[in-house]
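Here's a quick briefing for anyone meeting this structure for the first time. Have a look at it below, then read on.

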Amino acid sequence: MMNVAVLARTNQEDLYDFVAEQCLPRLRDELHAGGRARRLRISDLPLQVMERLATQLDAEGEGGRKWMVRVLCGAPAPEPWRATATKLIEHRNALEQPLLVFLPTGLRTAAEDSLDIATFTEIPIAPRTGQFAGELLKRLPADLRYRVEDAFEFLRKEKVIRSADAEVAYLLTVAKNGGTLEAAGGALYVFGLIPDFATFAGTDHRQRLSRNQNISGLLAEVRKPLQERISRLRIQPGTIQKDLFVYLRDRHADEPGSWAAEIACDTGHRHLSLEKWPFIDAIEGKAKLRLLLDPLDLPMQTADEVGGATPMKVWDLKKEKTFKVSFASVPAPALFEPWKSFRIQLLELNDGQPTPVWTSNNFPKPKTKAKTRKFSRQLKAPDLDGVAEGSYYLRVDALSQDGTVLTETDASSVGQRAENESELFLVMRGDVPVSTEQPRAVRTASFSDAWCAVAAKAVDTDKDGEPLPTRAELTGSWDQAAGAAMRGDVTFTFENPGANGLSIVVPGLFRRLEYKSLEHPEDLGRYRLDLSGVRALSDVEVVLRAASPLPQDPAAQAFLATRKAVFDAILAQPAKRKGEADEDKRRRG
């Protein structure tokens, strides 16, 4: 068991300090950029942040010689950076230097109309707060950052995280406590989960988060007696039940955020953190269950020659009453004891965030003794009666006895389609033209070879002079989404007129190595392929052997920024050439 010291709580003062720190560079730039007699105002920050910013910026303004910064107040105050509305109007009319005014929420004066946007330029800060969590993530060590990003993605899907403010509060707590793996697990109390200092110690953080979510939900069912709720936990009899009952009986169990913090931050309750619970079917740190979803066997839309939209696979609920979903498990079901059932979900991308719109019943775990085998389930059209037409994707998850999600994913591939998820497809109800013929694929050796083949057709008189696309227009897509399970070969097929299904075939291992490098330009080291204990190609892992970090000087940081810009441009190139948003992972790289 881990024996990590308790955490120091993050308070509102820490949050105000961080927000002020993030706002300072932007406001300095605004004051420097506007020239003389510029009038600026800010009205969407907490008063405590305004006071911090006004104190710092007014001092930098040298008493009004460079600029003046004031916070509106209702009565004269001793601080030089506070001013009444009357005084602000005087400064507005007479001051030659730039003037920045903070207007606290709720403060209303008769003269406030004179400080409105007709005479002052508003600087909106609230829209930028969504970037604050990203800034804090950058400060974490690379290995922890990948895991926390993946945890955020999972907790957003499960509706545990509902705002960027909660992410900022969590990350501030992690940073305040050293930015360690243990601190990241203990700080889960910010999200209303039970502190689990071992959450990120292994590769099973999604499993632990899922179990944590289920337990927190079970303990919050106040309509049932507390003893009954505790007895339903799958922990060894006669161990922690009594201490848990004594702790929770005087607290609001339905509000984990109010009592979970004490477990993480109070030495007297530290023994109740989740990694110390002796579960009956304990998930070991090295446990790893992968479900590999097969490509969907659905017809493809007919190409839209007018609109130019990318064709997608289609499930026409009127024509196809059933649809088979196939997947494989690694290891085999019999070799992973905690796995008891699995479910299939249909998800849509709602403002970029995956949202489940339909969930199947839990199916029993497949029974087989084979090392690896395919399994399948039939989905029925009537099950989706309440689902609107649109684009969706499927996800298959393995579950434990208490509903914990056991499926493992790659924490370094945040935002990508996972191997237990399908490509995007359309759910429609009739009137969808589909292609009955698959284009013949003609292999080429390289991108340049494909370009020469297209160019040759354009100058061939027998081809009636087909139009020659510029090199910048030549584009296509992979037959497998980025981040999907590795296989022998992957194919990039060109889609331009005259390309006639030209394609490039690349070993899946090479593409995975290249993609891993391009996705993480900040990783300066060597990658190696881990072939230990591999039964199938999909088991191969790409492992980073990190190099010494670069020095924190301007030249090194400029190099990293340029490297990232180049790598991002390479990844986004196929989608950019197609004129699409970079959401389809078949166009990445």
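Contact here means heavy atoms within 4.5 Å. By that rule, and leaving aside neighbours within four places in sequence, F102 is in contact with L27, I42, L45, M50, L53, A54, V69, R70, V71 and L72. This is a predicted model, where local features need pLDDT of at least 70 and side-chain atom pairs count only at pLDDT 80 or more, while totals for chains, interfaces and linings use all residues. Residues are numbered from 1 along each chain as its sequence is written, and side-chain values use heavy atoms, with hydrogens and water left out.

**Nonpolar cores**
- A nonpolar core is a set of buried Ala, Val, Leu, Ile, Met, Phe, Trp, Tyr and Cys residues joined through side-chain atoms within 4.5 Å; buried means under 20% relative accessible area, exposed over 50%, and partly exposed in between (1.4 Å probe, protein chains only).
- The largest core has 76 residues, and L45, L100, F102, V148, Y170, F191 and W277 touch the most other members.
- Helix α1 (residues 12-33) gives the most to this core, with eight residues. Helices (H or I, at least four residues) and strands (E, at least two) are DSSP runs, numbered from the N terminus.
- Apart from that core lies another, of 29 residues, with W315, V396, A398 and L406 among them.

**Helix α10**
- Q241, L244, Y247 and L248 are buried in helix α10 (residues 241-248).
- They sit on the same side of α10, because they cover an arc of only 130 degrees around the axis. The arc is that of the directions from the helix axis to the C-beta atoms.
- Covering these buried residues are, among others, α8 (205-219), α9 (226-231) and α11 (256-265).

**A four-stranded sheet**
- Four strands make an open sheet with mixed pairing, in the order β15-β18-β17-β16. Two strands pair if DSSP finds at least two bridges between them.
- β15 (442-444) and β16 (476-478) stand at the edges with a single partner strand each, so one side of each has no neighbour in the sheet.
- From one strand to the next, the twist averages 35 degrees. Axes are lines fitted to C-alpha atoms, for helices over the stretch in contact, and angles run from 0 to 180 degrees between N-to-C directions.
- Helix α13 (residues 508-519) packs on the sheet and touches β16, β17 and β18, its direction making about 85 degrees with that of β18.
- β17 (residues 489-494) and β18 (residues 502-507) run antiparallel, joined by five bridges, and V490 stands opposite V506 in β18.

- K159, in the loop between α5 (142-157) and α6 (164-176), has a positive phi of about 65 degrees although it isn't a glycine.
- K159 counts as partly exposed because its relative accessibility is 39%.
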